Amino acid sequence: RRSGLARRLVWLKWRLLVNGVRHDRQRAIGLPLVLTLIIWGGWTLSRGYGSAAEGMEGVARGEYSIWVVTLLWILWTTVPVVVFPLDETLDPNRFSLLPFERRQLLGGLLSAGLVTPPIIIPLMILTVTAFIFGGWFTTPVAVLAGALILAILIVSGQAFTAVVSSLVRSRRGRDLIMVIIAGLGLAGFLMQRSIANAIGEYGLVGAVQEVPLSPYRFLLPPAGAQYAVVSADAGNVLGTVSGLLISAAWLGALLAFWHWI
């Protein structure tokens with residue numbers, strides 16, 4: 001039934017993971033190791049994020065949290081395609097002949113995108129954010145913003161993968177992919193060096209205030225949602241609503257782009 005497409009795709013994604021472990025010795029050994037590394041990495045990152053944020057106050061803590069979710073979005077979107085996939089994927093082309101509307105298929109793939117081992121990392125980081133900015137008004141906003149950010153991560157990753165997959169079909173596209181990957185690697189290296197230099201010069205607290213991302217929340221899909229959490233913590237209702245609307249608009253734009261691809 002059409003109403004059960006999302007549920008069936010989630011089940012299919014889960015069966016792909018389970019069957020891969022059951023019938024492939026390399027995956028049976030590799031997936032638990034990768035899962036252990038992911039849990040350890042997520043715990044280390046979220047604990048470091050929480051410890052650093054608790055040592056900050058006011059503007060610095062808010063800007064730091066926006067930096068964290070923005071970097072998480074960049075890495076989540078690009079690293080799996082540039083390096084290697086960490087889980088089974090569902091190719092939309094496999095379902096092109098089924099009697100489903102494209103919107104239903106995208107909704108099902110979005111739900112299935114949550115069934116992946118690396119999802120543990122953003123869940124941990126978003127949970128820490130909800131605790132850092134806890135409060136009677138801030139916690140519900142943090143939960144809503146976290147759901148928006150999670151959806152943006154999934155859609156961005158799927159859309160970027162779809163773009164790369166469409167380019168693979170031609171020789172010129174494959175050459176372009178190499179240029180894109182090289183450009184992403186160079187941009188990542190330059191960003192890492194810039195962040196390291198800023199922290200070395202100003203310290204972490206000074207660096208996030210020296211290079212704030214909140215003024216650019218209109219250009220960064222997850223930044224608006226996190227800005228809403230920061231605004232809620234400061235009692236700024238207008239900033240809270242506008243931040244959520246910005247990320248919701250970005251989510252709609254990304255969905256439309258994915259739908260077109």
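I first looked up burial, and of the 261 residues of the protein 40% count as buried; I note that the model I am reading is a predicted one. For the surface I found that the protein exposes about 14900 Å², with carbon and sulfur atoms supplying 67% of that area.

Next I went through the secondary structure, where I counted nine helices and zero strands. I then turned to contacts between residues at least 6 apart in sequence, and found that 79% of them join residues at least 24 apart.

Which residues have the most contacts inside the largest nonpolar core? I found that this core has 53 residues, and that Tyr49, Tyr64, Leu153 and Trp258 are the ones with the most contacts inside it. The elements that give it two or more residues are α1, α2, α3, α4, α5, α6, α8 and α9, and α6 gives the most, with 13 residues.

Last I looked at α7, which covers residues 171–210. This helix has 40 residues, yet its end C-alpha atoms are only 44 Å apart, short of the 58 Å that a straight helix would reach at 1.5 Å a residue. I located a kink of about 115° in α7, centred on Gly203. As for burial within α7, I noted Gly173, Ile177, Ala198, Ala207 and Val208 as its buried residues.

Terms used. Residues are numbered from 1 along each chain as its sequence is written. This is a predicted model: local features need pLDDT of at least 70, side-chain atom pairs count only at pLDDT 80 or more; totals for chains, interfaces and linings use all residues. Side-chain values use heavy atoms; hydrogens and water are left out. A nonpolar core is a set of buried Ala, Val, Leu, Ile, Met, Phe, Trp, Tyr and Cys residues joined through side-chain atoms within 4.5 Å. Buried means under 20% relative accessible area, exposed over 50%, partly exposed in between (1.4 Å probe, protein chains only). Helices (H or I, at least four residues) and strands (E, at least two) are DSSP runs, numbered from the N terminus. The expected span of a helix is 1.5 Å times one less than its number of residues. The bend at a residue is the angle between axes fitted to the seven residues ending there and the seven starting there. Contact means heavy atoms within 4.5 Å. Accessible areas come from the Shrake-Rupley method with a 1.4 Å probe; for residues, only the protein chains shown count as cover.
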